[in-house]
Amino acid sequence: MIYVTGDTHGNQYKWVEQVEKVLQPKDIVIVCGDFGVGFWDGRYWDEEMFYDFLSEQEYIVLFVD
């Protein structure tokens, strides 16, 4: 499945507790916007740790800045 979402504004809550819950292996998520770069709320991880987390998942995340 291919999903498209707007910029999450660095809100890790939206990703972890809303977006990720519906994703399956091989799904593709296209994030339209800057993906919150530099604006992390730090609720779960710092920015680099979050990107590392995404790189380990079985779904694919793309973003259009």
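Start with the whole protein, which is a predicted model. Followed from the N terminus, their order is β-α-β-α-β. The chain has 65 residues, and 29% of them count as buried.

Now select helix α2, residues 47–55. Which of its residues are buried? They are F50, F53 and L54. These three lie on the same side of α2, because they cover an arc of only 95° around the axis. Turn to the other side of α2, where E48 and S55 are exposed. Then show α1 (12–19) and β3 (60–64), which are among the elements that cover the buried residues of α2.

Next, select W15, V19, L23, V29, V31, F50, F53, L54 and Y59 together. These nine residues form the largest nonpolar core. Two or more of its residues come from each of α1, β2 (28–32) and α2. The biggest share is that of α2, with three residues. In soluble globular proteins, nonpolar side chains tend to be buried together.

Finish on V31, a member of that core. What does V31 touch, apart from its neighbours within four places in sequence? Its contacts are T5, G6, D7, W15, V61, L62, F63 and V64. Across the protein, 78% of the contacts with a separation of 6 or more join residues 24 or more positions apart.

Conventions
Residues numbered from 1 in each chain as written. Predicted model: local features only at pLDDT ≥ 70, side-chain atom pairs only at ≥ 80, totals over all residues. Heavy atoms only, no water. Helix = DSSP H or I, 4+ residues; strand = E, 2+ residues; numbered from the N terminus. Buried < 20%, exposed > 50% of the residue type's maximum accessible area, 1.4 Å probe, protein only. Contact = heavy atoms within 4.5 Å. Arc of directions from axis to C-beta. Core = buried A, V, L, I, M, F, W, Y, C linked by side-chain atoms within 4.5 Å.
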